[in-house]
Amino acid sequence: MRRKRIKSNGTLMAWSNGEETHLRREQTRELKADFVRQQQQYRRRVAEGYEWETDTPAVLRGESMLREEYSDRLWGVGLHVESMLELMLAAVQLIDWDEIVLGPEINYYHPNLSRYRYLIGRCRERVDEAPRLEPLLANSMAQDWFVEMEQRYAGSKVTGWIS
């Protein structure tokens with residue numbers, strides 16, 4: 001089978017084996033630089049007051065969404081391990097465990113818990129797509145925190161916001 005080649009100005013930019021697209025190292029660096037640029041712009045907008053919500057959980061959600069989007073781009077070009085690491089980091093950076101509040105009805109609350117559970121679910125979906133990533137998730141801080149949260153608060157209702 002002949003590989004499809006993507007060229008720009010006569011230079012090979014990427015190639016595909018029919019299942020994945022492979023980028024050259026320079027294009028991978030450009031992906032990372034674009035993510036860093038977006039992250040800096042977001043932080044600048046928050047600092048200048050242009051974002052709608054500027055409380056800490058909302059800012060963490062915004063940064064997490066940027067990281068999730070970057071993870072999706074990495075996954076799309078076949079960098080599965082890097083993508084999984086970014087997605088787990090997006091989940092971990094959402095929660096400040098010192099700010100979880102236990103209510104009188106044994107409810108626990110943090111504005112980002114729903115989004116955290118959503119991102120862990122996405123990590124598990126990626127493991128289903130690429131089973132070789134399973135040890136990476138099983139030995140991660142994101143999974144450990146999720147298991148601890150589920151064990152400690154098993155009898156309570158989960159509350160929080162979905163972003």
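**Helix span, aromatic pairs and cores in a predicted model**

Mentor: Helix 1 has 24 residues, and from its first C-alpha to its last it reaches 35 Å, close to the 34 Å expected at 1.5 Å a residue. Please keep in mind that this is a predicted model.

Trainee: What makes 34 Å the expected value for helix 1?

Mentor: The expected span is 1.5 Å times one less than the number of residues, so for the 24 residues of helix 1 the expectation is 34 Å, and the 35 Å reached is close to it. Just after helix 1, G49 takes a positive phi of about 85°.

Trainee: Which residues in helix 1 are buried?

Mentor: In helix 1 the buried residues are Q27, L31, F35, Q39, Y42 and V46.

Trainee: How do you know that F35 counts as buried?

Mentor: Buried means under 20% relative accessible area, and F35 has 1% relative accessibility, so F35 counts as buried.

Trainee: How many aromatic pairs does the structure hold, and why is the pair of F35 and Y70 called stacked?

Mentor: The structure holds two aromatic pairs. In the pair of F35 and Y70 the distance is 4.5 Å centre to centre, with 10° between the planes; centres within 6.5 Å make a pair and planes under 30 degrees apart count as stacked, so this pair is stacked. The pair links distant parts of the chain, with F35 in helix 1 and Y70 in helix 2 (residues 56-76), 35 residues apart. Y70, at 5% relative accessibility, also counts as buried, because the cut-off is 20%.

Trainee: Why is the pair of Y116 and F146 called tilted?

Mentor: The ring centres of Y116 and F146 are 6.5 Å apart and their planes stand at 45°; since stacked requires under 30 degrees and edge-to-face over 60, the pair is tilted. This pair, too, links distant parts of the chain, Y116 lying in helix 4 (residues 113-129) and F146 in helix 6 (residues 141-152), 30 residues apart. Both Y116 and F146 are buried.

Trainee: Which residues touch the most other members of the largest nonpolar core?

Mentor: In that core of 21 residues, M84 and Y116 touch the most other members. Helix 3 (80-92), helix 4 and helix 6 are the elements that give two or more residues to this core. Another core, of nine residues, lies apart from it, and F35, V46, V59 and L74 are among its residues.

Trainee: What share of the protein is buried?

Mentor: Buried residues make up 37% of the 163 residues in the protein, which has six helices and six strands.

Key
Residues are numbered from 1 along each chain as its sequence is written. This is a predicted model: local features need pLDDT of at least 70, side-chain atom pairs count only at pLDDT 80 or more; totals for chains, interfaces and linings use all residues. Side-chain values use heavy atoms; hydrogens and water are left out. Rings of Phe, Tyr and Trp (its six-membered ring) pair if their centres lie within 6.5 Å; planes under 30 degrees apart count as stacked, over 60 as edge-to-face and the rest as tilted. Helices (H or I, at least four residues) and strands (E, at least two) are DSSP runs, numbered from the N terminus. Buried means under 20% relative accessible area, exposed over 50%, partly exposed in between (1.4 Å probe, protein chains only). A nonpolar core is a set of buried Ala, Val, Leu, Ile, Met, Phe, Trp, Tyr and Cys residues joined through side-chain atoms within 4.5 Å.
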